[in-house]
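Please read them with the structure open.

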Amino acid sequence: MMPDERPPEPEPFADDLVVAFTEGDHEDGNALAGPLSEIFAVDVTTAVGRCAGCGTDGPIAQLHVYGPGPGLVARCPHCRQVVLRLVRGADAAWLDLRGAVSLRISVGE
Ligand SMILES: [Zn+2]
């Protein structure tokens with residue numbers, strides 16, 4: 001590599017990044033409360049998400065969260081599929097929800 005060459009920007013949701021979070025201890029979905037509060041005006045950890053892998057409905061707070069660096073990966077406690085990924089950069093956050101069919105978010109009447 002030439003001295004003035006910079007490495008390419010990392011892909012926030014590269015597959016090898018996900019694999020890194022497959023092993024080891026995890027926290028529950030409440031670990032997402034702070035990071036997601038930057039993005040959403042409501043507490044999303046109380047929302048009920050439907051897993052795209054097994055169809056189970058459950059609170060985001062019950063997901064198994066791996067991280068924190070370089071991002072958070074939340075897996076379904078039933079089938080282990082990735083439901084949510086969150087990568088926080090210097091001036092932006094990437095939120096990948098492809099593993100969730102839907103989110104039921106309680107709002108005021
Ligand atoms: Zn599942």
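1. Strand S2 (residues 48-51) pairs with strand S8 (residues 100-104) in the antiparallel sense, over 4 bridges. Within this pairing, Gly49 stands opposite Leu103 of S8. The model is a predicted one, and S2 is where confidence in the chain is highest, at a mean of 97.

2. S2 also pairs with strand S3 (residues 57-59), again in the antiparallel sense, through 3 bridges. Here Arg50 faces Asp57 of S3 across the pair. The two strands make a hairpin with 5 residues between them, and Gly55 in the turn has a positive phi of about 80°. As for the faces of S2, Gly49 and Cys51 lie on the covered one, while Val48 and Arg50 lie on the uncovered one. Gly49, the residue opposite Leu103, is therefore on the covered face, given that burial is judged by counting C-beta atoms within 10 Å.

3. On confidence, the mean pLDDT of the chain is 85, and 79% of its residues reach 70 or more. The lowest values are in helix H1 (residues 15-19), with a mean of 53. Where pLDDT is low, predicted coordinates should not be read in detail.

4. The chain has 2 helices and 8 strands, and from the N terminus on its elements run α-β-α-β-β-β-β-β-β-β. Of its 109 residues, 25% count as buried. Among contacts with a separation of 6 or more, 54% are between residues 24 or more positions apart.

5. Which strands make up the open sheet, and in what order? There are 5 of them, ordered S1-S4-S5-S6-S7, with antiparallel pairing. Strand S1 (27-28) and S7 are the edge strands, each pairing on one side only.

6. Within that sheet, strand S4 (residues 64-66) is joined to S5 by 3 bridges, antiparallel, and His64 has Arg75 in S5 as its bridge partner. S5 (residues 72-75) is in turn joined to S6 by 4 bridges, also antiparallel. The hairpin of S5 and S6 has 6 residues between the strands, and Arg80 takes a positive phi near 75°.

7. S6 (residues 82-88) is mostly covered, with 6 of its 7 residues buried. Its other neighbour is S7 (residues 93-96), to which 4 bridges join it in antiparallel fashion. Arg85 stands opposite Asp96 in S7, and the S6-S7 hairpin has 4 residues between its strands.

8. The largest nonpolar core has 19 residues, of which Leu32, Leu63, Val65, Leu72, Ala74, Val83 and Leu84 touch the most other members. S4, S5 and S6 each supply at least two residues of this core, and S6 gives the most, with 5. In soluble globular proteins, nonpolar side chains tend to be buried together.

9. What does Leu32 touch, leaving out residues up to four places away in sequence? Its contacts are Thr45, Ile60, Val65, Leu72, Ala74 and Leu86. Of these, Val65, Leu72 and Ala74 are also named among the core residues that touch the most other members.

How values were computed. Residues are numbered from 1 along each chain as its sequence is written. A residue is buried if 20 or more other C-beta atoms lie within 10 Å of its own, exposed if 12 or fewer, and partly exposed in between; C-beta atoms are placed from the backbone. Two strands pair if DSSP finds at least two bridges between them. pLDDT is the predictor's confidence in each residue, from 0 to 100. Two residues are in contact if their C-beta atoms, placed from the backbone, lie within 7 Å. A nonpolar core is a set of buried Ala, Val, Leu, Ile, Met, Phe, Trp, Tyr and Cys residues joined through C-beta atoms within 7 Å.
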